[in-house]
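Please walk me through this structure in the viewer, one selection at a time. I would like to know what to select next and what is there.

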Amino acid sequence: MEKRAVGKYVRGSAQKARLVIDQIRGLPVEDALNRLRFSTKRSAKHIEKVLKSAIANVEYADESISLDDLVVSQAFVDMGPTKWRRRVRPAPMGRAYRERRHGCHVTIYVSDSRR
């Protein structure tokens with residue numbers, strides 16, 4: 001059985017979140033949670049929430065599945081909206097840059113290893 005969870009409009013750039021996602025793809029769920037828990041990256045907290053949601057989706061669908069059987073089968077990050085803020089940052093030679101705030105969408109698929 002395979003279930004998914006999606007975290008939309010997560011604050012932070014997709015490029016930085018992909019660094020964390022690449023570390024947990026293909027791991028058992030327990031190892032993935034431990035790796036996220038002790039990661040120093042800011043996006044690890046948001047990804048951990050999405051992973052816990054995917055685990056809850058599997059447990060809700062079939063209560064007989066053990067947590068030891070679950071594996072992160074697929075995990076990917078897509079770009080979300082970029083918010084242009086009204087604030088201005090100083091730039092070289094008297095110019096000014098607008099601030100941009102990046103967002104991303106995190107998708108995690110969890111399946112049992114019996115598959």
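## Start at the second largest pocket

Select Y9, V10, R11, P81, K83, R85, R101, H102 and G103, the residues that line the second largest pocket. The elements that give two or more residues to this lining are β1 (2-11), β2 (70-90) and β3. The second largest pocket holds about 170 Å³ of space. Sorted by class, its lining has 3 nonpolar, 2 polar and 4 charged residues. Bear in mind throughout that this is a predicted model.

Keep Y9 selected and hide the others. Y9 lies in strand β1. Its phi is positive, about 55 degrees, although Y9 is not a glycine. Is Y9 buried or exposed? Y9 is exposed, because its relative accessible area is 58% and exposed means over 50%.

## The largest pocket

Move on to the largest pocket, which has a volume of about 320 Å³. Then colour α1 (14-24), α3 (43-61) and β3 (96-112), the elements that give two or more residues to the lining of the largest pocket. Which element gives the most to that lining? It is β3, with 4 residues. By class, the lining of the largest pocket has 3 nonpolar, 5 polar and 6 charged residues.

## Along helix α3

Select α3 and look at the helix from the side. The 19 residues of α3 should span 27 Å at 1.5 Å a residue, and the C-alpha atoms at its ends are 28 Å apart, which agrees.

Next, select S43, A44, I47, E48, V50, L51, A54, I55 and V58, the buried residues of α3. Turn the view to look down the axis of α3: the buried residues fall within an arc of 165 degrees, so they line one face of the helix. On the other side of α3, select K45, K49 and Y60, which are exposed.

What do the buried residues of α3 pack against? Show β1, α1, α2 (29-37), β2 and β3 to see their partners.

Go to α1 and select A14, A17, V20, I21 and I24, which are buried. Around the axis they cover an arc of only 120 degrees, which puts them on the same side of α1. Q15 and K16 are exposed on the other side of α1. The buried residues of α1 pack against α2, α3, β2 and β3. Just after α1, stop at G26, where phi is positive at about 85 degrees.

Now select V29, A32, L33 and L36, the buried residues of α2. Their arc around the axis is only 100 degrees, which puts them on the same side of α2. The partners to show here are α1, α3, β2 and β3, against which the buried residues of α2 pack.

## The loop between β2 and β3

Select M93, found in the loop between β2 and β3. Phi of M93 is near 60 degrees, a positive value in a residue other than glycine. M93 is exposed, with a relative accessible area of 75%.

Select R100, which lies in strand β3. R100 is partly exposed, with a relative accessible area of 47%. Leaving out residues up to four places away in sequence, R100 touches T82, K83 and W84.

Is S111 buried or exposed? S111 is buried, because its relative accessible area is 7% and buried means under 20%. To see what surrounds S111, select M1, E2, D69, L70, V71 and S73, with which S111 is in contact once its neighbours within four places in sequence are left aside.

Key:
Residues are numbered from 1 along each chain as its sequence is written. This is a predicted model: local features need pLDDT of at least 70, side-chain atom pairs count only at pLDDT 80 or more; totals for chains, interfaces and linings use all residues. Side-chain values use heavy atoms; hydrogens and water are left out. On a 1 Å grid over the protein atoms alone, a cavity is a set of points where a 1.4 Å probe fits but cannot get out, and a pocket is an open set with protein on both sides within 12 Å along at least five of seven lines; lining residues have an atom within 4 Å of a point. Grid points are joined across faces, edges and corners, and a volume is the space filled by probe spheres set on the points. Ala, Val, Leu, Ile, Met, Phe, Trp, Tyr, Cys and Pro count as nonpolar, Asp, Glu, Lys and Arg as charged, and the others, Gly among them, as polar. Buried means under 20% relative accessible area, exposed over 50%, partly exposed in between (1.4 Å probe, protein chains only). Contact means heavy atoms within 4.5 Å. The expected span of a helix is 1.5 Å times one less than its number of residues. The arc is that of the directions from the helix axis to the C-beta atoms.
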